[in-house]
Number of protein chains: 4
Amino acid sequence: MAVEISEGDLALLVFERRRKGPKKYLVRVERGKVFHTHLGPVDLGELIGRRWGCSVEVKKGIARVFRPTTADIMEKLGRKTQIIYPKDAAYMIIKSGVRPGDLVVEGGTGSGSLAYALSLSVGPTGKVVSYEVNPKFHEMAKENLRRLGVRNVELKLGDLRTDIAERDVDAMFLDMAAPWEVLPAAREVLKPGAPLAVFVPSCEQIKKFAVAARDGGFGHIEVVEVLVRGYEVNEQRTRPASRMIAHTGFVVTSRKLVD
Amino acid sequence: MAVEISEGDLALLVFERRRKGPKKYLVRVERGKVFHTHLGPVDLGELIGRRWGCSVEVKKGIARVFRPTTADIMEKLGRKTQIIYPKDAAYMIIKSGVRPGDLVVEGGTGSGSLAYALSLSVGPTGKVVSYEVNPKFHEMAKENLRRLGVRNVELKLGDLRTDIAERDVDAMFLDMAAPWEVLPAAREVLKPGAPLAVFVPSCEQIKKFAVAARDGGFGHIEVVEVLVRGYEVNEQRTRPASRMIAHTGFVVTSRKLVD
Amino acid sequence: MAVEISEGDLALLVFERRRKGPKKYLVRVERGKVFHTHLGPVDLGELIGRRWGCSVEVKKGIARVFRPTTADIMEKLGRKTQIIYPKDAAYMIIKSGVRPGDLVVEGGTGSGSLAYALSLSVGPTGKVVSYEVNPKFHEMAKENLRRLGVRNVELKLGDLRTDIAERDVDAMFLDMAAPWEVLPAAREVLKPGAPLAVFVPSCEQIKKFAVAARDGGFGHIEVVEVLVRGYEVNEQRTRPASRMIAHTGFVVTSRKLVD
Amino acid sequence: MAVEISEGDLALLVFERRRKGPKKYLVRVERGKVFHTHLGPVDLGELIGRRWGCSVEVKKGIARVFRPTTADIMEKLGRKTQIIYPKDAAYMIIKSGVRPGDLVVEGGTGSGSLAYALSLSVGPTGKVVSYEVNPKFHEMAKENLRRLGVRNVELKLGDLRTDIAERDVDAMFLDMAAPWEVLPAAREVLKPGAPLAVFVPSCEQIKKFAVAARDGGFGHIEVVEVLVRGYEVNEQRTRPASRMIAHTGFVVTSRKLVD
C-alpha cells in the first residue's frame, strides 16, 4: 500500500456529520476531473501526490481522503437487486474458511461485490469463478472488477445449474433466488467436505434451502443472521444509534457430505 | 485443499443435536490415538485415507469429519481472557481492508486466534507481527500457531507502547484492556490513512478509546457491535433459536489522519 | 398495597448474584412453613409482620423479600408448552389498548399467565374470559388464579372456535398453535374495529395467520418480535450481558374491519 | 367501548402502504371539520354514526378508522425531548407491577404520554401524580390529558427532588436527565419494597443511576433495553423489515430496600 495518492487510485472522500454518520463518496483520482459533493466541488487532480488520510477543503466543509477498504468498495458497488453487505460476506468467508490459493465458485455475480471480497481471500494464487444469468449484471460486474484491477476473478455469463465447468472446487457461495436448484451441481463439483455458503433474504428461502441441502447430501447446516448496530460516542455520552439496518438477509452455511 | 484426510491434519468432529446445535471437537489426526467424545471414543488413526465429509461411528452416535474452517479453529483456540469471535474478527478485517501482502501489527496476542485469521488475510506474501506482554499467553499462542502450521506470523513478547519495531504498517488491530495507551505508537508506525481496529468489551472503553483516538490524530471513527442470531430450521418450522450470545464486545474502526 | 408482610401473601425472595443475574423464588408466606433455597432454608413464618423490601439471612447468603410484580408472577407460573413472557404480554396489551372495564376473551389459557396480566388491565369493573381445550391446563390455571386471588377472570374448558358464548368483546388474545382457525369466531364476537392480538413462535405461523386474517376481515396487521437485552452495570464497567433470550415468539396485532 | 363513532371521539385513520408500514393520523371527530391527509381530505363529520373499523375513501386512497389504542395515543403525543415509546412504557409497568388502585408518582411529565399509560394501569380508583419543572411541557401535557378525558392524573409544576407531597407511594417512574438526584426523595416517599423504574438514553446515565441507587437504599436493580423488530409478511414471503428503531433508551427497574 502506497503512502501517496496516485493518478488512477480509487479514493474514499469522507465527510463527518454530527448525528447521521459520515457521508462517503468513492471516486477515481484523475487529473482535471471535478467531483461534486453535497458540500461543494472537489478537484480530484489536486489530490495527486498528497498522502492518504489528508484533508481537502470544499466550499462548505472538509473531507478526509482515504484508501477505500474492502467494505468501502463493496458498499459502493451498485446493484439492482439486494446487495451482500460486508458484514454478511465477511461472516460467510470466515465460516467457510476460504484460504489463499483456493478455487471458489460463486453463483449470482450481481454487482460483483462478493466476488471482490472473495478475490482478496483467495489471493493472487487463488481463483474465483462467478456465474450470472443476467447479461446486464454480468456486464456491470465486469466493468466494476476491471476498474478495481481485480485479476483473479473470472466472470461467466451462464447458469450455474447446467454450465458449471470447474471441478474440485474448494468452496461455493450462492446469492440467488433459488439456491436449492444448484444443489446437485454443487454436490458434483465441490471437494469432499467442502463448504457451501448461501445468502437469502426470506424465511421461506432458508427453510426450502436447508431442507433441500440436508436431503441433497449436505450437512452441518447452520442458519444465522448477522446484525450490526452502530453507536454514537462522544465526550458527553455513549449510546446506540437511533436507527439501524434491521435485516439484509440470512446466511446458511453447510458442508458437502460423502459416504 | 486435499481430498483425503492425512496423518497430522486438524479435523473437526461434528455431532448433530436436535435443539442445542452441534457438538464439535477439534482434533489432530494421529495413528494409534484415541479421542474420547461425549458419545464414545474415536480411533483417529482410522480416519487416515478417508475423505473429508465422511461419517464415523462411535458407540452412541455418528460424527461427521470436516476440515476445520477459520471460524472452527478460532473458536477452539483456548484463551484465558475474552476471545475475539469469528464474527468480530471477520468484521474488523473487512472494514479495515486487509489485503494479501500487507504488514499487519496486532496488540494483545492472547491465544493467537485473531493473528490466525489475519495470517490468512495477508497471505504468504504478507506478514503479521503480534505483541503480547503476558509470557503465558505468548507461549500458548506460539504453540497454537506452530501446530496450525502458520508461517507468516511473528509473535513478540513485549509492550506495543514502547517496543514496536515495525514501520510503514498497513493496518493495526488491538485487543487489549487499554488500547488508548497504544495510540501514540500506532500514530507513529502506521502508514498515512491506515486503519486501526480495536475490540473492547465495555461502554467505558469505547468512549475512552474513541475520544482519545479523535484527539490523537485518528478519524473516520466508527463504533459498532456485531450480533449473530441462530435459527432453527426444519420441515415443520422456522424460528430464531431460543438463546444467543448477546455480547462479546464492541468494534471500533478508525484511520490515521495526516495534515 | 400493604407495608407489612402478612400471612398468605405471595412473596418474592431475591438472591443477588455477581454475573448470572438474581436467583428468584416465589413463595406463599405461611406460619410454620420452611422453604429451601439454593443457599439454605428460610422460615417463612418469620417474615410475617416484617416490611416488604427487608432482608432475610439464610445459611450461606442473604435474600431480599419483595411483593411480586406482575412480571414476577408471570415468570413463575409453570406451563408445559411455551409461556408468554411479560415483555410480550405487555406489548400486546398496550398495542391493543385494553382498558379498565373491558371484556376480553383469551384463547389458550395455558398456565393462566396472560390471563393474569389481562385481569390487572381490565380491573375490577372488567372481565377476562379464557378458553382452554386441555383439561390439565384448565385445572392448573384455575388453581394458579385461585391462589393469586384473581376474581375477574372466568376460565372455560372448551374450544374457542365453536364454544364462545361472549358477544361485544372489546379485545381478543390468542396463544395457541393454530390461531387462524379462530378467525371466524373472532370476527363474529368482536366489536367493530376491536383488536385481536396473537402470539406464535414460528415464521410459518405468522405467515399463515397474517394471510388468513387479511382474507378473513381483519386489517392493520402488524407483526413484530420484542427483544429484551440485559446489561451488567457496576462501578467498573457497563456492558450488555453475555447471553440473552433470543426468541420467545412473534406478536401479531390486528383489528376487525367492518364494511 | 362503543360500537359507533361519536362526535368528540378520537379516531385513528390508517392508510396501508406496501413497504413502509401504515401511515397513521390521530384526529378528533367533529361535525364540519375537514382533515387533510397525504392522499386527500377527509370530512370528519361524516364519520359520526359509522362503526369503528369502517373504511373511508379519500381522493387517492382508502383509510380505515379505528378507535386509537394506548400505543396509538402515546405515539402521537408530541414531545420536544425524547419520548417514552409504548414498548418501554409497557415493560416498565409490567415489571413494576402497577395495579388498579395504586398511587403512582412520575417525574418528568414531558408530553404526558407515560402518565397516560399509567392512568389506565391504576384505573379509576387509582391516581397518578406527575411532576414537571418545565412550564411549557407542563401546559402541553395538561392540554393533552384534558383532550384525552383523563381524570385520574394530577399534573404538578414543580421539582420532584424538593416538592414531592405524596407519601406511601406504590410505584415511581422517572424519565428525566438526572434521575439519581431524585433518589433521596424517592426513598422517603415510596412504600417499603416499592418499585422505582427509570428510563434514560445513555450508558453513562444507566451507570450513574444504578450505582447511586444501590448506594442509596435500592436493590434488585435490573438494566435492560427493549427492542421491537417488525416483519414484512405476505403470501410470497416472510422477512424482518429492513429498518428498525435501534435505540430509544434503557430501562432500569429497582426496589426500595428497608433494614
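Let's start where chains B and C meet: 100% of the interface residues of chain B are also interface residues in chain C, so the copies meet through the same surface. Keep in mind as you look around that this is a predicted model.

How many residues does each chain bring to this contact? Chain B places 16 residues in contact with 16 residues of chain C. On the side of chain B that touches chain C, the elements giving two or more residues are α7, β13 (238–240) and β14 (243–245) of chain B. By class, that side of chain B divides into seven nonpolar, four polar and five charged residues. Strands take part in the meeting as well: β14(B) pairs with strand β14 (residues 243–245) of chain C in the antiparallel sense, over three bridges.

Now turn to the contact between chains B and A. Here chain B can be laid on chain A with an RMSD of 0.0 Å by a turn of 180° and a shift of 0.0 Å along the axis. That is the relation of a two-fold axis. In this pair too, 100% of the interface residues of chain B are also interface residues in chain A, so the copies meet through the same surface.

This contact takes 61 residues from chain B and 61 residues from chain A. On the side of chain B that touches chain A, the elements with two or more residues are β6 (61–66), α1 (70–76), α2 (86–96), α3 (113–122), α7 (203–215), β12 (218–233) and β15 (250–256) of chain B. Which of them gives the largest share of that side? It is β12(B), with 13 residues. Sorted by class, the side of chain B that touches chain A has 34 nonpolar, 11 polar and 16 charged residues.

The β12 strands also pair with each other across this contact. Strand β12 (residues 218–233) of chain A is joined to β12(B) by nine bridges, and the two run antiparallel. Within this pairing, Val223(A) stands opposite Tyr231(B) in β12(B).

From here, step inside a single chain. Chain B holds an open sheet of four strands in the order β2-β1-β6-β5, with antiparallel pairing. At the edges stand β2 (23–28) and β5 (55–58) of chain B, each with a single partner strand, so one side of each is left without a neighbour in the sheet. From one strand to the next, the twist averages 30°. At the β5 end, four bridges join β5(B) to β6(B), which run antiparallel. One residue pair to find there is Val56(B) with its bridge partner Ala63(B) in β6(B).

Chain D has an open sheet to explore as well, with four strands in the order β2-β1-β6-β5 and antiparallel pairing. Its edge strands are β2 (23–28) and β5 (55–58) of chain D, each of which pairs on one side only. Here we can look at the β2 end: strand β1 (residues 10–15) of chain D and β2(D) pair in the antiparallel sense over six bridges. Ala11(D) stands opposite Val27(D) in β2(D).

Chain A gives a view of the domains. Its domain assignment has domain 1 (10–68) and domain 2 (72–256). How far apart do the C-alpha centres of these domains of chain A lie? The distance between them is 30 Å. Their contact takes four residues from domain 1 of chain A and four residues from domain 2 of chain A. On the side of domain 1 that touches domain 2 in chain A, three residues are nonpolar, one is polar and none is charged.

Strand β8 (residues 127–132) of chain A and strand β9 (residues 153–157) of chain A pair in the parallel sense over five bridges. Val128(A) has Val153(A) in β9(A) as its bridge partner. Together with helix α4 (residues 135–147) of chain A, β8(A) and β9(A) make a right-handed β-α-β unit.

Technical notes:
Residues numbered from 1 in each chain as written. Chains lettered and ligands numbered in written order. Predicted model: local features only at pLDDT ≥ 70, side-chain atom pairs only at ≥ 80, totals over all residues. Least-squares fit on C-alpha atoms with pLDDT ≥ 70 in both. Contact = placed C-beta atoms within 7 Å. Nonpolar A, V, L, I, M, F, W, Y, C, P; charged D, E, K, R; others polar. Pairing = 2+ DSSP bridges. Axes fitted to C-alpha atoms, helices over the stretch in contact; angles between N-to-C directions. Domains from an automatic or database assignment. Right-handed = clockwise from strand over helix to strand, strands pointing away.
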